[in-house]
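Try each one before reading its solution.

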Amino acid sequence: WLSPVYKSPMDDNGYDISDYLDVNPLFGSMSDLIELINEIHKKDMKIIMDLVVNHTSDEHHWFMDAKSNLNSKYRDYYIWKDQPSPKIDSIFSGSAWEYNEKTNDYYFHLFSKKQPDLNWQNPKLRQEIYKIINTWLSYGIDGFRMDVIELIGKDIDTIKLGDGPFLEAYLEEMYEMCFK
């Protein structure tokens, strides 16, 4: 079981992913990881990876584009509000809403302000996540520990965060698109 080895600024020990499809140089290279996967399989063992799909790093290219441009194609990959409402606290302390001066609005982050939450209500975002999962499966990863997966179905407006009303549908869709 690998903890997150993806590219990350390491604000939260790699749980703040800046590139889902590359390895953090702290841990080696993609070729090193592919070699590890192959060697593990030669020993009749399986390998799983931590995967975080509730949020990204604020240094992920999706977010960097979204925070700088209201018309970004990635804008709706994240949760934005004109006002920080409803009042929700971050698990890491303080408000879960962070002001973005460039677009004069707020983005939601249930963890660090450097970990903006993904908007799972956007079907395009979900398709991107499924492509990422399927890419890793094609490299030989046998499974994933899905960190804070219970948060992807959240409904911010009703403050239903964990095990939210959309969770089951998103997990069923993920199963159909990736694991079936």
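**Exercise 1.** Work out what share of the protein chain counts as buried.

*Solution.* Of its 180 residues, 49% are buried, meaning under 20% relative accessible area with a 1.4 Å probe, protein chains only. A quick note on the source: this is a predicted model, where local features need pLDDT of at least 70, side-chain atom pairs count only at pLDDT 80 or more, and totals for chains, interfaces and linings use all residues. Numbering starts from 1 along each chain as its sequence is written, and side-chain values use heavy atoms, with hydrogens and water left out.

**Exercise 2.** Describe how α3 packs against α4.

*Solution.* Step one: helix α3 (residues 123-138) meets helix α4 (residues 167-179) at about 40 degrees, with the axes 9 Å apart. That makes the pair oblique, the class left over once angles under 35 degrees (roughly parallel), over 145 (roughly antiparallel) and 65 to 115 (roughly perpendicular) are taken out.

Step two: find the contact residues, with heavy atoms within 4.5 Å. On α3 they include Tyr130, Ile133 and Leu137, and on α4 they include Tyr170, Met174 and Phe179.

**Exercise 3.** Find the extent of the C-alpha trace along its principal axes.

*Solution.* The trace of the protein chain spans about 55 × 35 × 30 Å.

Notes:
Axes are lines fitted to C-alpha atoms, for helices over the stretch in contact, and angles run from 0 to 180 degrees between N-to-C directions. Helices (H or I, at least four residues) and strands (E, at least two) are DSSP runs, numbered from the N terminus. Buried means under 20% relative accessible area, exposed over 50%, partly exposed in between (1.4 Å probe, protein chains only).
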